[in-house]
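Please keep the sequence and the coordinates at hand.

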Amino acid sequence: MTAQVTTPYRPPREEARDGFAQLLRAEWTKFRTVRGWVIGMVVAALVTVGLGLLIAGGGSSTCQNSPTGPVLSGAACLPPVPVGPGGQAVTDQFYFVRQPLAGNGSITVRVPALTGLYANGATAVGSPMTRGLQPWSKAGVIIQASTRPGSAYGAMMVTGRRGVRMQDDYTHDTAGLPGAVSAASPRWLRLTRSGDTLTGYDSADGTHWTRVGTVRLAGLPSTVQAGLFATSPAHSTVISKSFGGGSTSGGPSLDTAVFDHVSLSGTSPGAAWTGDAVGGQATGGAASSGAAEGFHQADGRFTVTGSGDIAPLVFDPAGSGFPTSTIERGLQGAFAGLIAVVVVAVMFITAEYRRGMIRTTLAASPRRGRVLAAKAIVAGAVTFAAGLAAALVTVPLAQRLDRAKGSYVLPVTSLTEIRVIVGTAAVLAVAAVLAVAIGTVLRRSAGAVTAVIVVIVLPYILGIASVLPVGAENWLLRVTPAAAFAVQQSLPAYPQVNAGYTPTAGYFPLAPWAGFAVLCAWAALALALATVLLRRRDA
Amino acid sequence: MSQAPPAQRASLLGERPADPDGPQNALQAGWTSLREALHAEWTKLRTLPGTIWLLAGIIAATVAVSSAATAAMSCPSRGCSVDPAKLSLTGIDLSQAVVAILAVAAISSEYSTGMIRSTLTAMPRRTTMLAAKAAVVTGLVLAAGTIAVLGSLLAGRLFLSSHGFTPAHGYPSLSLGDGPVLRAAAGSVLYLALIALLSLGIATIIRDSGAAIGTVLGLLYLSPIIAAVVRSPHWHNDIERYAPMSAGLAIQATTGLRGLPISPWAGLGVLAAWASAAVLGGGLLLRLRDA
């Protein structure tokens, strides 16, 4: 027996016309044939570049190398800044009592006292300095590749208010014994070198030692400089004003450490100690007030006084001695670009509602979610391209302008630079997707444009304006779409450097990609809501 | 004694002249058409469902953001450098965007629907139409703004006094009887009205609602961002002095007036100049262009 199976006639499916690729092409055709939208995207890129260059090029710094010298301006003001092994700009200024160490060896000391002096900006020049340590005043033992500022090192130290630390290569910091140093509770420090590995130990009594950390300094030469050091960063109190202005009151500081039970193994016996102010004598009021950098040796006791810091140079618009800039400063023009992008992306959907075109669009492609997806992809991709082009032009040009105007642009690795450029384009692209979604939900241009701009730009303004308490500012930049601008932050905040790490200075509470993820989450939520509403409502 | 003609007598009595072609002077005709234009614009705006929501939005946005800002601020015992009146009016930063939507929609919606052609056929005096729109929008914003500002100050008074802003710390509780606080409050209401005029003018020039609102918000919100990053203090001061938002909001300052880049009333004057330039530009283009 055979059964006759008849299948009803179905027209052959035209895959190409029904496919998502076709839908994307349709949306892309819509976008590129509306002259206003294309002009809008070009305007977005142009204002990003233009405003960025205006910010970078506006105003030149002036400086004077000596009180009587000629007033210089622009690039002549750029100071020589040492660059550390990691490629970052560093401060490397300290008093170093040293001996050369050939091959492996070890240095052990006891620190029974650490005291400090500092000048406050409020007091007159030349008046006696105030007694007191800075939180990161530091003194201890150090092994450095050479006395050239910026060379590799590892050090064990006591600090003003942060206990014993082991630090290396400017950016790394490990905590040891807590508590302050005094004659009653001295600290023992030891640093050993074996090949290119340094190991730090601390102890409260000189018999029970604890390992604090081990670091590898690649390419450490066979002969290194080992010895005692003291240094103390400038004292500063930041007074913030609204809308980004800020002023500091502060001045130089120095610290004096006493070392005894000094033992150095691995050096030639009987070698003498030499004292050097690495990175030059500290400038400013430190020398004028009687106390000066230097060292004194008697009966195996060393008294070392130093000023400066061994740390990464951070961007601190209020505190730094000379004008510094970051690579992302010129990208602030992206906010103007963002507004143009949001207007175009919102119109990409609201124009369909205004003209009734949406009914044709949905008749041609009844699966509404896919229409929205295609629109979001086209808007996002076009914006990404425009934003990438703008950022690629702005970042190098703004850096050149910054240097020409006398600002030291803090160097970053090329990977970070790529992250800042691509991240800026990605923020604009996701903002465009958010705009398409909000436009679908609200259907009206004015309301949707305002909603998107307000949720992205207003929290940023309130976050940097210094009108709200810092806790509220950080909260705003954590949960609102404005968190995404963290992707532009090129320099990390270093806890071992005291500086105003506020949103105003460009330091965000979230890590770069985490901040970007917050914006993506908002866009995804809005897209989900838009899809549901687009399916449920009549068009 | 001669008797006045009937039409003139009727107009003296405040009645409509029986004969529309009767003798009327130009001024009277102008006033009548303005009154009619006001009536028409009021009817249009009143009967749009969005208007009442936007007005409620102005009040809600101002009070909500202001309350959040004052609730988040606390004054430690060693003293704080906060301007309590300015902080209590932080919500204006947000509600100006809602005001901008209202003002832009008042004119752009006519262009997007083609309604503008009916409007101008019925009211051929285009500047009168724009003046009427401006008056109606401004009136509504003034009313909503007054409620919003009073609500914000009340919230600020309640939150701040429970967060350490007490007379013992040198902060008497916020009161409209205090001259600078009254200036900040009245000035903030005027600020919103001027933002409405600025938006209306820009929307008349640009016509498209999305592009118009983008321009308005860019003009307002970009200046604090740029001011924060420019290097030269001169540029920084110039931006704060001449940009519409930072200059206009100087009216909210009640403490540290000496340190301000621009004095409160002068700042509001700068915003008024922006608004009148926008409205005049809009009026001129409205007369010159085809609708």
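A:Asp169 lies in the loop between β8 (164–168) and β9 (172–175) of chain A; helices (H or I, at least four residues) and strands (E, at least two) are DSSP runs, numbered from the N terminus. Although A:Asp169 is not a glycine, it has a positive phi of about 45 degrees. A residue is termed buried if 20 or more other C-beta atoms lie within 10 Å of its own, exposed if 12 or fewer, and partly exposed in between, with the C-beta atoms placed from the backbone. A:Asp169 counts as partly exposed because it has 19 C-beta neighbours inside 10 Å.

The model is predicted, and local features need pLDDT of at least 70, while side-chain atom pairs count only at pLDDT 80 or more and totals for chains, interfaces and linings use all residues. Residues are numbered from 1 along each chain as its sequence is written, and chains are lettered from A and ligands numbered from 1 in the order in which they are written.

A second residue with this kind of backbone is A:His261, which is not a glycine but has a positive phi of about 50 degrees. A:His261 is placed in strand β16 of chain A, and it is partly exposed because 14 other C-beta atoms lie within 10 Å. Strand β16 (residues 253–265) of chain A runs antiparallel to strand β4 (residues 105–118) of chain A, and 10 bridges join them; two strands pair if DSSP finds at least two bridges between them. Within this pairing, A:Arg110 has A:Asp260 of β16(A) as its bridge partner. β16(A) is also joined by five bridges to strand β19 (residues 301–306) of chain A, again in an antiparallel arrangement. There, A:Thr256 stands opposite A:Thr305 in β19(A).

Two hairpins share strand β11 of chain A. Strand β10 (residues 187–194) of chain A and strand β11 (residues 197–203) of chain A run antiparallel and are joined by seven bridges, with A:Ser194 bridged to A:Thr197 in β11(A). The hairpin of β10(A) and β11(A) has two residues between the strands, and A:Gly195 takes a positive phi near 65 degrees in it. On its other pairing, β11(A) is joined by six bridges to strand β12 (residues 210–216) of chain A, also antiparallel, and A:Thr199 stands opposite A:Thr214 in β12(A). This hairpin has six residues between the strands, and A:Gly206 takes a positive phi near 85 degrees.

A:Pro100 lies in strand β3 (residues 90–102) of chain A. A:Pro100 is partly exposed because 14 other C-beta atoms lie within 10 Å. Apart from neighbours within four places in sequence, A:Pro100 is in contact (C-beta atoms, placed from the backbone, within 7 Å) with A:Thr223, A:Gln225 and A:Thr267.

Chain A as a whole has 11 helices and 22 strands, and buried residues make up 51% of its 539 residues. The domain assignment, which is automatic or from a database, gives domain 1 (18–57 + 326–490 + 504–536) and domain 2 (90–312). The C-alpha centres of these two domains of chain A lie 47 Å apart.

Helix α3 (residues 35–57) of chain A has 23 residues, which at 1.5 Å a residue should span 33 Å, and its end C-alpha atoms are 32 Å apart, which agrees; the expected span is 1.5 Å times one less than the number of residues. The buried residues of α3(A) include A:Trp37, A:Met41, A:Val49 and A:Ile55. The buried residues of this helix pack against α2 (20–33), α5 (334–355) and α7 (368–404) of chain A, together with α9 (209–229) of chain B.

The contact between the chains takes 40 residues from chain A and 37 residues from chain B. On the side of chain A that touches chain B, the elements giving two or more residues are α3, α5 and α9 (445–464) of chain A, and α9(A) gives the most, with 12 residues.

The predictor's confidence in each residue, pLDDT, runs from 0 to 100. Its mean for chain A is 85, and 88% of the residues reach 70 or more. Among the elements of chain A, helix α8 (residues 414–442) has the highest mean pLDDT (95) and helix α4 (residues 285–288) the lowest (45). Over residues 284–290 of chain A the pLDDT is below 50, and this stretch has 17 contacts in the model beyond near neighbours in sequence. Where pLDDT is low, the predicted coordinates should not be read in detail.

Conventions:
Contact = placed C-beta atoms within 7 Å.
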